[in-house]
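Here is a quick tour of some side-chain pairings and nonpolar packing. Have the viewer open as you read along.

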Amino acid sequence: MIFTRKKGLRGEITVPGDKSISHRAVMFGSLAQGTTSIRGFLKGADCLSTIGCFRQMGISIEEKDDTIFVSGKGLHGLHAPADILDVGNSGTTTRLMSGILAGQYFTTTLSGDVS
């Protein structure tokens, strides 16, 4: 084997979506005023539970190509959901939503299979 020294490295990598960041991106986008674009969103069940909860509270969340668009309504722009918010099996959704909901002007219930 012969090894030679090279100067620099060129290339491109794509980092896979991250669950923790994906949850928070949707939450911050929902509480922001205006449209947030999220690329690299991890489409796992837990993150989709977060999207479902915010949709139930009146936030428009659309997917086009590889980008999620969240139309935020500001810190107090969420609306009381017509039904219980289903967090699925997502502990992260449960914990983070609890803090967000504590500051809202309505009461709701979280439910799921979180153990």
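## Salt bridges and core

Lys-43 and Glu-63 form a salt bridge, with their closest N and O atoms 2.3 Å apart. Do keep in mind that this is a predicted model.

**Lys-43 and Glu-63**
- This pair links distant parts of the chain, 20 residues apart: Lys-43 lies in the loop between strand S1 (33–39) and H2, and Glu-63 in strand S2 (residues 60–64).
- Lys-43 counts as partly exposed at 48% relative accessibility, and Glu-63 is also partly exposed, at 45%.

**Asp-46 and Lys-19**
- A salt bridge joins the side chains of Asp-46 and Lys-19, at 3.2 Å from N to O.
- Here, too, distant parts of the chain are linked: Asp-46 sits in helix H2 (residues 45–56) and Lys-19 in helix H1 (residues 19–31), 27 residues apart.
- Asp-46 counts as buried because its relative accessibility is 18%, under the 20% cut-off.
- Lys-19 is partly exposed, with a relative accessible area of 38%.

**Nonpolar core**
- The largest nonpolar core has 21 residues, and those touching the most other members are Val-26, Phe-41, Phe-54, Met-57, Ile-61, Leu-78 and Met-97.
- Two or more residues each come from H1, H2, strand S3 (67–73), strand S4 (85–88) and helix H3 (91–102).
- H2 contributes the most to this core, with 4 residues.
- Leaving aside residues up to four places away in sequence, Met-97 touches Met-27, Cys-53, Phe-54, Met-57, Leu-85, Thr-92 and Leu-110.
- In soluble globular proteins, nonpolar side chains tend to be buried together.

Methods. Residues are numbered from 1 along each chain as its sequence is written. This is a predicted model: local features need pLDDT of at least 70, side-chain atom pairs count only at pLDDT 80 or more; totals for chains, interfaces and linings use all residues. Side-chain values use heavy atoms; hydrogens and water are left out. A salt bridge is a side-chain nitrogen of Lys or Arg within 4 Å of a carboxyl oxygen of Asp or Glu. Buried means under 20% relative accessible area, exposed over 50%, partly exposed in between (1.4 Å probe, protein chains only). A nonpolar core is a set of buried Ala, Val, Leu, Ile, Met, Phe, Trp, Tyr and Cys residues joined through side-chain atoms within 4.5 Å. Contact means heavy atoms within 4.5 Å.
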